[in-house]
Amino acid sequence: MFSNSKNILKKYFGYDDFRKGQEEIIKDVLKGRDVLAIMPTGAGKSICFQVPAILFEGITIVISPLISLMKDQVDNLNELGVKATYINSSLTEKQTTDRIYGILTGMYKLVYIAPERLESSNFCALIKDVNISFIAIDEAHCISQWAHDFRTSYKKISKFIEFLDTRPVIGAYTATATEVVKNDIIKLLKLNEPKVYVTGFDRKNLYFSVLRGENNQEYILSYVLKHKDSNGIIYAATRKETEYIYKFLVKNNVKVGLYHAGLSDKKREEVQNKFAYDDINVMVATNAFGMGIDKSNVRYVIHNNMPKNLEAYYQEAGRAGRDGEKSECILLFNPRDIQLQTYFIEETCLSIERKTNEYEKLRSITDYCYTSQCLRKYILEYFGENVNYDNCNNCGNCNDESTDKDISLEAKKIFSCVYRMKEKYGTHMITDVLKGSKNKKVIVNGLNKLSTYGLMKEYDKKFILNIINKLAADGYLRLTNDGYPVVKLTNRAIEALKDNTKIFIKIPKVIRKIQGYGELFVILKSIRKEISETEKIPPYIVFADASLNEMATNMPKNKKEFLNIKGVGELKYNKYGEKFLKAISVYMKEKSINQEDSIDLRLDNKAESKKEILVNDGEKSKKTPSYIITYEMFVEGNSLDKIKDIRNISLQTVQEHIVKCKEEGKDVNIKDFIPEKYINLISNTIVELNTHKLKLIKDALPEEVEYFWIKLVRCTCENN
Ligand code: ADP
């Protein structure tokens, strides 16, 4: 049966290969073995039960915790040509009866239900006689009281399984990896000698960064404006804060939605739909938002506050880039967040043991916010993975893009003012005194008589506040833990004053652009939106961003080429293929892109083809080969990323151009591209293996070594 899996993957889902872990999990399920698959958000858990479900003779029941999640997956499956349905409390009695009738008469391959459905003895009795081959439990951690989404009705599942005459294969799927949760799942679901898969938690397409003591509002606004064409989520810790940010963004003409548990169901559904349909770009939300969304094209997740632990952070941040496209996860940290989370823990009625556990987790995420080591490594090690590198080159700490600013003078003025105000006031009063404000409170308290009154009158008030926040984030100041946080000096500040040490703060460089999308992508996106409106399905279910991006880059010209695009299955091609092919062809004509010359950028190896590549760079491209244009731009001082954006081609292509120049003996210094410590390593490996086969060389090297580096070093070996 398994041999058919790959065909199913291609035919329905439009993917050529399984991702890490998927193949093995599917094989085991098809052989009749229970599995527990622990894979991070976005890794592709759904395929692991959807492919077997298509292949099994009977039906598959998928137990899923949220109505919106079910609807999304069912819509998606029906779009792909797989018969699926769901039964939950959103249906009328008639709809439920019709669907149960459909199940009994074999109309569906997959049936999604919420665990609560199993409390209906009527439903269980009806379904008992159906041939159930497989039960998949999505978000299986919900069964464990140690998980953040604990749901009592998940406990009904094992009873339901026992109640069936023939025990189906059971598959449990989750992104939560802790030992206690894992053991709870196995025990409480009564899995039968399950094979446990932990596929690794790395999400390579996500760029992580932490910014301490920023002016959050301003940062968020600049970020959102810079990424106007992308979708993002902004998480804040409290409803009040979400409302505050929401209003601020609305005032600045951002298409934004608000989501928190205090809004009516109707309002929440409305705004969630708008986000799903790309009618709004940004969602400002508390952690109530997310578990039910399957939106694959979220390009960034910004946390306005530090969440309670790394599990919650990784899950929320992980809602970015589920389609595998480059995306960004930014945590804006302020020491006040620690107080807030401490307050939340104190307010719960958890046992002492659990509270201690929560405090330990809070400590770990606080350390994440302060660490200067690789953020990716920190997260992965937290989840128990062995990481054999120190530098991932793909996080804010490894690519430190900030500059250090000497604020010794300002800091000392602030410390002195805090001291003279007897460490009894909050940030705003300190700012007022330094600014020399005539505020009534300042005068009444006699603070205008202090020697530090007006000491920073030439500075902007916001600037002073920002510096106070930064100093608190860097541990020079401390805010007390009560209703009115008062600023205190820490030992670090006192020592800095005593020793006259210099104090620096980090100023982030300009906000990076996640990924530049070109003109054709925007055209294809608008076609997708039209289809989504007619078909009443969200745009990302029509085609993922990754598919559109590949179409815009590869410019398929016919059915065969279109079917080669990642995420395009046969049914999708039949439904929408022509529309997109036509738009691509019109675009190519308009831009005089010669079909023969269109770029084949698919894979490293394919791009190695020796054919001269010409792309549309206006008049110049008609005479000068594309790789030479890249080379000239590089020599003029542009980075490869910049060239990629300006020319609207992929980074891979730009790198191929550089390799070609190196092969031709042009002046290309490999040290400009490869960290020094790897050059010898790569060249020794090539010599040792005595091969030029890229894959063999890559496999023998540390994971972080890029194909691009190997190709460059390989040229040097050849030239020698
Ligand atoms: P998870 O449930 O683990 O969070 P999903 O099942 O929603 O992840 O999958 C995330 C994205 O990855 C989806 O857009 C899905 O279509 C895509 N995907 C899954 N498997 C593959 C694959 N083998 N090749 C390419 N994309 C895949």
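Predicted model: local features only at pLDDT ≥ 70, side-chain atom pairs only at ≥ 80, totals over all residues.

1. The protein chain exposes about 33,400 Å², of which carbon and sulfur atoms supply 49%; accessible areas come from the Shrake-Rupley method with a 1.4 Å probe, and for residues only the protein chains shown count as cover. Of the 720 residues of the chain, 55% count as buried. Here buried means under 20% relative accessible area, exposed over 50%, and partly exposed in between (1.4 Å probe, protein chains only).

2. Residues are numbered from 1 along each chain as its sequence is written, and side-chain values use heavy atoms, with hydrogens and water left out.

3. On overall architecture, the protein chain contains 33 helices and 17 strands; helices (H or I, at least four residues) and strands (E, at least two) are DSSP runs, numbered from the N terminus. The radius of gyration of the chain is 28 Å, close to the 27 Å that the globule rule gives for 720 residues, so the chain is as compact as a globular protein of that length. That radius is taken over C-alpha atoms, and the globule rule is 2.2 Å times the number of residues to the power 0.38. Along the principal axes, the C-alpha atoms fill a box of roughly 85 × 75 × 50 Å. Among contacts in the chain with a separation of 6 or more, 71% join residues 24 or more positions apart, a contact being heavy atoms within 4.5 Å.

4. Which residues come nearest to the ligand? Of the 15 residues around the ligand, they are Tyr15, Asp17, Gly42, Ser46 and Arg322; a residue is near a molecule or strand if one of its heavy atoms lies within 4 Å of it. The shell divides into 5 nonpolar, 5 polar and 5 charged residues. In this scheme Ala, Val, Leu, Ile, Met, Phe, Trp, Tyr, Cys and Pro count as nonpolar, Asp, Glu, Lys and Arg as charged, and the others, Gly among them, as polar.

5. A polar side-chain atom of Gln22 lies 3.0 Å from a ligand nitrogen atom. Polar backbone atoms of Ala43 and Lys45 each lie by an oxygen atom of the ligand, at 3.4 Å for Ala43 and at 2.9 Å for Lys45. The protein covers 86% of the 560 Å² of accessible area that the ligand has on its own.

6. Helix 3 (residues 45-55) deserves attention, as it gives the largest share of the ligand shell, 3 residues. The buried residues include Lys45, Ile47, Cys48 and Phe49.

7. Lys128 lies in the loop between helix 6 (121-127) and strand 5 (132-137), and at 24% relative accessibility it counts as partly exposed. Beyond residues up to four places away in sequence, Lys128 touches Phe163, Leu164 and Asp165. Its side chain reaches the backbone oxygen of Phe163 at 3.3 Å and makes a polar contact with the side chain of Asp165 (3.0 Å). A polar contact is a pair of N or O atoms within 3.5 Å; within protein, one must be able to donate a hydrogen and the other to accept it, and residues adjacent in sequence count only if both atoms are side-chain atoms.

8. Leaving aside neighbours within four places in sequence, its contacts include Ser209, His303, Tyr313 and Cys369.

9. Thr371 lies in the loop between helix 14 (352-370) and helix 15 (375-382) and is buried, with a relative accessible area of 16%. The side chain of Thr371 reaches the backbone nitrogen of Gln373 at 3.0 Å. Not counting residues up to four places away in sequence, Thr371 touches Arg212, Tyr378 and Asn397.

10. Most residues other than glycine have a negative phi. Asp278, however, has a positive phi of about 60°; Asp278 is found in the loop between helix 11 (265-276) and strand 11 (282-285) and counts as buried at 14% relative accessibility. Glu423 has a positive phi of about 50° and lies in the loop between helix 16 (408-420) and helix 17 (427-435), where Glu423 is partly exposed, with a relative accessible area of 24%.
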